[in-house]
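Have the viewer open and try each task before reading on.

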Amino acid sequence: MKIDSINIFKYPFFIVLVIVFSLLSLAFPSRGEAFSEPTSQEFRSFIEKEIWPHVRNVPISRKIFNQAFENARYLSIVKKLQERQPEFTASVKAYLDKLVSKGRIKKGLAKKAQYESILDALEVMHMVDRHVVLAIWGIETNYGHNKGKHDVFSSLATMVYLQKRKKFAITQIIYALKIIRDKHISASNMKGSWAAAMGHTQFIPSSYDQYAIDFDGDRKKNIWESIPDALASTANYLKKFGWDNTIPWGMEVTLPKNFDYTLVGLRKKRPLSYWRQKKIRRANAKKLPNIPLNASLILPMGSEGVAFLVTSNFKAIMRYNNSVSYALAVSLLADNLKGQGKLYGTWPNHRYRLSSKQIRQVQQLLENNGYDTKGVDGIFGTGSQEALRQYQHDNNLVADGYPDHALLNYLKKKSMR
């Protein structure tokens, strides 16, 4: 229908506008169409055309591939949760309140007693603190209570379909197929989280291939059902990434007035002697220990929150999940399982976490001003923190690297000048 074929003058003005804009939308459709989920047939065709070509050149038979994807389907939850990971979207306070709860501590102490002999052996074999291994188990699946019920191949195929983490997902599919090929578990029983993390301590397929071990002696690396295998695999993972049982993960500290916040950041390692010279003290008012140890200063909720000096052990935990909130939850839960873990400082209630959309705004505004955030992705990682910290310093703000609503409003106002 042509616009000029209608006598618009016989209609009230509001209706005229509705008719005109509706017809214009038909005449000039938008470039991007709304996302629509694939039908079952479309998804199976996609798997065949877009995933099989990546697999055919590795030592995986067509039979194994067919077994793995026999019941694969598009999982809408993957799209919903990709940008809502609590490690990056919840405030540190809310995240810790949920994961380092009295209930989780109590349950962890019970598991500590129940698996004492296994934990004894793991500490001898891998030299990794049992409390950290228990804490990862507790944070990841609440000690096996929530291991995930999603078909791993469906999760990974959905990621490929969504394109956002296509390279990662293809790699994980190949490793997952190897697990099936080597008969560690059947395709139908390979269940995990929406992000394809599997078992009691949530290994992705590539981590399983490289770090999972058989501890119970049945010649299968069964992280899904064998708690000894799962805990041993976690200890092995941490050890491979540099865990040192002779040093702590870190310590809560207090900062002096007029502190230079450009010294903050995981990448800025300094000896404890250096931090002592900067008048940093332990939160219990004692001096920092006089030992040859490097540490980085972090402020998970900025200058108004709790401060920590963290060591290479903290970074080993971050190799499990690249989130400061996650590593802090594991560390504090582990301390509580030791009978420690008390925090002296408090978390600010007024510095609410920005949404992913708002984080992207902050990142884009920083990029527009020449500060490289290493990607406008809605996740405020180390690169974004460093960029913000430099921007704050250059604009005579407290350079704590924490993006809150006040900071976002400041960036917006500056961009309008």
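A crossing of two helices is called right-handed if the near helix is turned clockwise from the far one by less than a right angle, and left-handed if it is turned anticlockwise. Keep in mind that this is a predicted model.

**Exercise 1.** Describe how helices H9 and H13 pack, and find which residues make the contact.

*Solution.* Start with the geometry: H9 (residues 130-141) and H13 (residues 227-240) have axes 10 Å apart, at an angle of about 115°. Angles of 65 to 115 degrees count as roughly perpendicular, so H9 is roughly perpendicular to H13. Next comes the hand: H9 and H13 cross in a right-handed sense. Then look at the contact, to which H9 gives Val132, Val133, Ile136 and Trp137, while H13 gives Ile227, Leu231, Thr234, Ala235 and Leu238. Sorted by class, the contact has eight nonpolar residues, one polar and no charged ones.

**Exercise 2.** Classify the ring pair of tyrosine 208 and tryptophan 224, and say where its two residues lie.

*Solution.* The model has 24 aromatic pairs. In this one, the ring centres are 5.4 Å apart and the planes stand at 45°, so the pair is tilted. Tyrosine 208 belongs to helix H12 (residues 205-211) and tryptophan 224 to the loop between H12 and H13, so the pair ties together parts 16 residues apart in sequence. Both tyrosine 208 and tryptophan 224 are buried.

**Exercise 3.** Classify the pair of phenylalanine 259 and tyrosine 261: buried or exposed, and in what ring geometry?

*Solution.* With 5.6 Å centre to centre and 85° between the planes, the pair is edge-to-face. Phenylalanine 259 and tyrosine 261 are both buried.

Notes
Residues numbered from 1 in each chain as written. Predicted model: local features only at pLDDT ≥ 70, side-chain atom pairs only at ≥ 80, totals over all residues. Heavy atoms only, no water. Axes fitted to C-alpha atoms, helices over the stretch in contact; angles between N-to-C directions. Helix = DSSP H or I, 4+ residues; strand = E, 2+ residues; numbered from the N terminus. Parallel < 35°, antiparallel > 145°, perpendicular 65-115°, else oblique. Contact = heavy atoms within 4.5 Å. Nonpolar A, V, L, I, M, F, W, Y, C, P; charged D, E, K, R; others polar. Phe/Tyr/Trp six-rings, centres within 6.5 Å; stacked < 30°, edge-to-face > 60°. Buried < 20%, exposed > 50% of the residue type's maximum accessible area, 1.4 Å probe, protein only.
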